[in-house]
2 protein chains.
Amino acid sequence: VPVGTNLLDAARQAGVELVAICGGEGICGECMIRPTAGSLSAPTLTEKAELAANDLAAGFRLACQAQVVGDVRIEIPPTSLTTPQRLQTEGQDAPDDFDPPLFVLDLQVDPPGLDDLRSDESRLRSALAKNRHPRITIERKVLAILPAILRQSAPDYRLRLVIRRNTETEHETKSLAAVLPANTKIYGLAVDVGTTKLAAYLVDLENGTTAARAGAMNPQISYGEDVISRIAYTNSHPDGAKTLQNSLVNSLNNLLDELCTEIDAGQPQIVEAVIVGNTCMHHLFAGLPVAQLGTAPYVAAVSDALLFPASDVGLKLSAGALVYMPPNIAGYVGADHIAMLIGARLKNPSQTTIALDIGTNTEISLFHNNLHWSCSCASGPAFEGAHITDGMRAAAGAIERLQIHGTEVQIKTISEQPATGICGSGILDTIAELRRHGLIDHRGVLKGQHPNLFLQKEKGGPHSAFILASADKTAIGRDIKVTRLDINEIQLAKAAIRTGVETLLSEAKITAEDIDTFLVAGAFGTYLDLDSAIRIGMFPDIGREKYEQIGNAAGSGARAMLVSLKQRQFAEQISLSVNYVELATNPAFHKLYIGSLAFP
Amino acid sequence: VPVGTNLLDAARQAGVELVAICGGEGICGECMIRPTAGSLSAPTLTEKAELAANDLAAGFRLACQAQVVGDVRIEIPPTSLTTPQRLQTEGQDAPDDFDPPLFVLDLQVDPPGLDDLRSDESRLRSALAKNRHPRITIERKVLAILPAILRQSAPDYRLRLVIRRNTETEHETKSLAAVLPANTKIYGLAVDVGTTKLAAYLVDLENGTTAARAGAMNPQISYGEDVISRIAYTNSHPDGAKTLQNSLVNSLNNLLDELCTEIDAGQPQIVEAVIVGNTCMHHLFAGLPVAQLGTAPYVAAVSDALLFPASDVGLKLSAGALVYMPPNIAGYVGADHIAMLIGARLKNPSQTTIALDIGTNTEISLFHNNLHWSCSCASGPAFEGAHITDGMRAAAGAIERLQIHGTEVQIKTISEQPATGICGSGILDTIAELRRHGLIDHRGVLKGQHPNLFLQKEKGGPHSAFILASADKTAIGRDIKVTRLDINEIQLAKAAIRTGVETLLSEAKITAEDIDTFLVAGAFGTYLDLDSAIRIGMFPDIGREKYEQIGNAAGSGARAMLVSLKQRQFAEQISLSVNYVELATNPAFHKLYIGSLAFP
């Protein structure tokens, strides 16, 4: 682009859709970006006004204001991207340490003949020994495909082998994970199984890069929206757990097909998988019982890492492919939390760090003084749009950003579609803006004067409400509004999250001021407006610069574990060293909770 | 029984049916037995006449002659038992060295509670560590059943664990094979999968004794009588191999049900299996391809021992049960041959020993001077009754014993039923008796004078024949006879076997005279009359005392491997040290074969 082009336009030309509620006028502050190489025009007054001081200091700019002055490389935070581009599969890429459990070995096998009557396996073992791998375990399922692939490779009998390093026991051993025709690339499958969504990735196992990614809904939703209702389903249906497992595995197989087609690979090339999920998703996928997760004391069946044949659960990878599942910490702090901590790539374990992933249950970890605490708090489904009058999931048409400028209410919907409801980040913004403008008090009661505000007695009759979009501007033919009860739902949710954070801090005998880094992971955590979250008291007000939104870190952690035994070992260390804090029986929790309900 | 009772009568009273073609007159010599403790009346003149000198010297007696003089313990060779008692599942019992891969550990697990939120697995591991097993691999399938069994064991939470010693790699590791309620007995399943018959055993894994046994036909027979036709079936049907595998596994599951019912055990108590069979049966069971076994150079896919989850092939044992399959030596010397060698319990490997198992293919091993040679010879199905005019399998009504006394032909049929045909041991006796009486010459041509002998020109028209049973005495309404062509089939078969033996001897640069022990295993090998086999030249004439009929040694070997890691290691050593001799390309073979066709 010519010098002088603003980055919002440059991005549009490059097909990168930045969020710009205000249409590029520099007033919504949504299109934040940061140069990582080269430079831009100096910050405008608008930027200096709109951006927080620490964001400015950190080099953040508004794309609509900053102009190109030469070659420049730009970092775009996920929050600045419009939803179609904010694949739920996002997150930091490329693992730090490449220490792969699987590696390829190309070799040539002697042909069978009347002068060489050894079995196919014996001739392969001989070739392995000549290539300095004399002791290799070869599993039946891999042996079963050897004769065909060997004969296809005639007359030169060149093969590509995939060797697995087994570090589960004290002494590392090696096994043959796959037999492939010569010159075949190998991939691993990483999946973050959310209660709602699936994020799947194919990782090139020879260099650790992500080759393809895809997302889908978790099909188990048709058996229950949340974990509790799915456990209830398995308890009330004899083959319920099997049904849930199969529906998930079928979806994963379809996603895998899609990914393979995209990069023109075949299933025999997918030689390992790492699957992460919360404890219930983990157990359902792995065929472990979940009944005990649904009743006190809510214990997991399994906490250690699992490594088992993909074919055991019907996942269609290569014949000998295994599935690695990192450990679970507790019944409600699962393998996905550990994957998130790995994906977050904690630089310095002695730094005081909070890392959390907001969902119906919000899992929180605190690292301080080389110790680690974690807990899960029941934050409820409000941020997923449930129990909210006009709430909806973060889908096209959902109001995801909102600003109040005097009498004007500016909204931004996902995919710029006419509004059909409001999603988590939208309701968070709404409440923060209402509070900023004094339209709700610290108890959450709507008050004051605004054309969109309708105050009504709350006993009986319709509730007080604030209209976000009037009927003539929505796709549903009626007003989209936030009510006193909606605000209350968010109060309960944000109080739960804040209390979780405070309880861990009190376990560590520190305060929020001691936090060096506050990491917010996951889809909602990535798209929420941090200022709004701080303003309503969900997160402590410790300075924006300490916060980092890290995207789908669980997916990123899953990918890292595909290509790094060190990261798997780290996952296993985390599970052994963590201090799990059960909030239900924690004496500090209830007092802190009551204190967290009010808005600052 | 009173002093003076003969042992034939004593045996009948005890429900033990000894063979006695002559009805106890001391002339058929079939009812051989031997006292192992106590003594009997002195040998009669009849016995001295009827028994071979070396049998007499070895302490053998005729049950119809020997009388009880006091308490006595009797050994009954399988050949002396009538067929209904000669279960194909017989063989030497109780393994010599009890060195079990699996052992039980009884322990108590902490209950889950609000004060103990660890996973079921963690609490189990803690109990294991307290019982001095801190490092145990636990497989997903075992973890999947843990929560239910644990909660069934409330309130004391006592469990019986089954621990497996894994010696496949350099360093022994341990894994959890099964979780059972307290005080549950554990068993292993051993199966000899023959091309025709299945022999299955349940072995008490705590003491190595055989708890139950059962036999059945191999259901794959409906897809082809022999190995070659089954391979052809898999080549011509896309899912043919899977079909054959399933039909076999279904039968094994039914046999297992039967065995479990007999001893009032459940499938979760069957925690390991050892399955042996020829290379084709091995591959079909294990889901390995067999196409390459059906075409030159006839190589096996797999030669090393296999250890894999029983559930992978649909065998319904305990959740974590594995199947052990000993190694194959070559395409036509399979795991069953190694099992047979183990079952034979070779006492002294420096002794010169021949061990063989006669079937459509006869596998032969020679041990000499601490070396081991083996080969397979195509002896054909004649001894199974195929390609023989009135041939049949060893089933009720088959003539299994025959003696010619002057003009009289004495026959004994299986189950004493009216004759319907002749089985392998019967035709062997017939030819030996015809030769003994000069009714066939050394080329196999019928000649001389006998009321049952009909000599006809062999070119065109009906062939010469010897009538074993006339139409009025058979169940099929016509004569049962042996023809010149039948004799020729047996000539081909016996020549193949003898040539196999001689080829191995020539490889070892020794002669038959050097053989110390000649072991004959398998169903036909057990029921054949050794004198007949020597008389027709199938076996070398080196003295009856060197021969031993060892029953279903393959089944016995399979049972031994269930309870002995040493025997598994021995099996694996055999496969590594054996010199496999391919007869098809052996220069000595064809010359020896021509020389072996004639009768001595």
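Biologist: What does R61(A) form a salt bridge with?
Modeller: R61(A) pairs with E47(A), and the closest N and O atoms are 2.7 Å apart. A salt bridge here is a side-chain nitrogen of Lys or Arg within 4 Å of a carboxyl oxygen of Asp or Glu. This is a predicted model, in which local features need pLDDT of at least 70, side-chain atom pairs count only at pLDDT 80 or more, and totals for chains, interfaces and linings use all residues. Residues are numbered from 1 along each chain as its sequence is written, chains are lettered from A in the order in which they are written, and side-chain values use heavy atoms, with hydrogens and water left out.

Biologist: Which elements do R61(A) and E47(A) lie in?
Modeller: R61(A) is in strand β2 (residues 61-62) of chain A and E47(A) is in helix α2 (residues 45-50) of chain A, so the pair ties together parts that are 14 residues apart in sequence. Helices (H or I, at least four residues) and strands (E, at least two) are DSSP runs, numbered from the N terminus.

Biologist: How many salt bridges over all chains?
Modeller: The count comes to 64.

Biologist: And how many between chain B and chain A?
Modeller: Eight salt bridges. One of them joins K141(B) to D312(A), with the closest N and O atoms 3.3 Å apart.

Biologist: Which elements of chain B give two or more residues to the side that touches chain A?
Modeller: Those are α4 (120-130), α5 (140-152) and β12 (306-309) of chain B. α5(B) gives the most, with six residues. By class, that side of chain B has 18 nonpolar, 11 polar and 15 charged residues. Ala, Val, Leu, Ile, Met, Phe, Trp, Tyr, Cys and Pro count as nonpolar, Asp, Glu, Lys and Arg as charged, and the others, Gly among them, as polar.

Biologist: What area is buried between the two chains?
Modeller: About 3500 Å², of which carbon and sulfur atoms give 64%. Buried area is the accessible area (1.4 Å probe) that two parts lose on being put together, summed over both. In chain B, L117(B), R140(B) and P297(B) lose the most area to chain A, together 19% of what that side buries.

Biologist: P297(B) again. What kind of peptide bond joins A296(B) and P297(B)?
Modeller: A cis one, with omega about 0°. P297(B) is in the loop between α8 (279-286) and β12 of chain B.

Biologist: What about the bond from A154(A) to P155(A)?
Modeller: That peptide bond is cis, with omega near 5°. P155(A) sits in the loop between α5 (140-152) and β6 (158-166) of chain A. Y157(A) is found in the loop between α5 and β6 of chain A, and Y157(A) has a positive phi of about 55° although it is not a glycine.

Biologist: Helix packing next. At what angle do α7 and α8 of chain A cross?
Modeller: The axes of α7 (residues 240-263) and α8 (residues 279-286) of chain A cross at roughly 90° and come within 8 Å. Axes are lines fitted to C-alpha atoms, for helices over the stretch in contact, and angles run from 0 to 180 degrees between N-to-C directions. α7(A) is therefore roughly perpendicular to α8(A); angles under 35 degrees count as roughly parallel, over 145 as roughly antiparallel, 65 to 115 as roughly perpendicular and the rest as oblique.

Biologist: Which classes make up the contact of α7(A) with α8(A)?
Modeller: Eight nonpolar residues, one polar and no charged.
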